[in-house]
Amino acid sequence: MPVQIARITEVIRETPRITTLRFDLEMKAAPNQYVMVWIPGVDEKPLSLSYIGEKCGVTALAQGPFTKSFCERKVGDMVGLRGPYGRGFKIAGERLLLVGGGVGMVPLTVLAEKARERGKEVTAVIGARTKTEVLFADRIKAAGGEVLVATDDGTEGTKGFTTDVLRDLLKTRAFDQAYTCGPEVMMLKVIEQTVGKGIQTQVSMERYFKCGGIGICGHCVLDDLGYRVCVEGPTFMAEEVLNKSFGKYRRDASGSRVYFGVKK
């Protein structure tokens, strides 16, 4: 797809470390599809769309050189957008459960809004380190969804992890479909719980890739599956990734394995 040059029309400081840029560009996409964002003189990186349709938007956490530059953009600045790419979430069932951590709430919030437009019930479990880093809870509530929060320090909602809240929730509630996005170790624990309850679960994966989303570099291939995350993903069904490399390791820019926890 050709690059579309877009002007920034709004800069939203969502949290101390997370920023949303909205553009004078309409982009139709499914929740959890992504775009390649090009900042001239800096780099081009894949980021999930946080707003689709008119005045599309992208949200990022300032953590590396590219995302820090992204978060420093101002109204009127120009960036390049290419896409959308990848396989998005599919809205299925009537009672939807969303579990996200940090910027993993970006595609889940788009999903929540689209699902509510279709009259689906939405319950979202949002995880963050502290109250000031809880992302997009207000947007989901405004759409008519239910929000449960877990923070590491207990400054908002339940003190603990999303998986703690999820475990208690699944004791008394039934859902038709679950969706998760966030740290991979968290997502692995989420799908172990949801699949254990017989709930179909869609997972959003993130992997490093070099080819700009066109599926030729092979850097994001899941070793034991053969799937390219940039093309066949980023959405996968839980059964596609369970008991595989998912939740165990990813590859860095050099292609070396980086393990999420204890090497096994």
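This is a predicted model: local features need pLDDT of at least 70, side-chain atom pairs count only at pLDDT 80 or more; totals for chains, interfaces and linings use all residues.

Me: Is valine 106 buried or exposed?

Reply: A residue counts as buried under 20% relative accessible area. Valine 106 falls under that cut-off, with a value of 2%. Beyond its neighbours within four places in sequence, valine 106 is in contact with Ser48, Leu49, Ser50, Thr59, Leu135 and Phe136. Valine 106 is therefore buried.

Me: How far apart in space are valine 106 and threonine 20, C-alpha to C-alpha?

Reply: In sequence, 86 residues separate valine 106 and threonine 20. In space, their C-alpha to C-alpha distance is 9.9 Å.

Me: Which residues of H5 are buried?

Reply: Helix H5 covers residues 184-196 and reaches 18 Å from its first C-alpha to its last. The cover over its buried residues includes strands E7, E11, E12 and E14 together with helices H4 and H6. The buried residues are Glu184, Met186, Met187, Leu188, Val190, Ile191, Gln193 and Thr194.

Me: Which residues make the nonpolar surface patch of about 360 Å²?

Reply: One member, tryptophan 38, is found in strand E3. Tryptophan 38 is partly exposed, at 34% relative accessible area, and residues of a patch must have over 30%. The patch is made by Val3, Ile5, Trp38 and Met78.

Terms used: Residues are numbered from 1 along each chain as its sequence is written. Side-chain values use heavy atoms; hydrogens and water are left out. Helices (H or I, at least four residues) and strands (E, at least two) are DSSP runs, numbered from the N terminus. The expected span of a helix is 1.5 Å times one less than its number of residues. Buried means under 20% relative accessible area, exposed over 50%, partly exposed in between (1.4 Å probe, protein chains only). Contact means heavy atoms within 4.5 Å. Patches are made of residues with over 30% relative accessible area and no salt bridge: like charges are joined within 9 Å, nonpolar side chains (Val, Leu, Ile, Met, Phe, Trp, Tyr) within 5 Å. Accessible areas come from the Shrake-Rupley method with a 1.4 Å probe; for residues, only the protein chains shown count as cover. A salt bridge is a side-chain nitrogen of Lys or Arg within 4 Å of a carboxyl oxygen of Asp or Glu.
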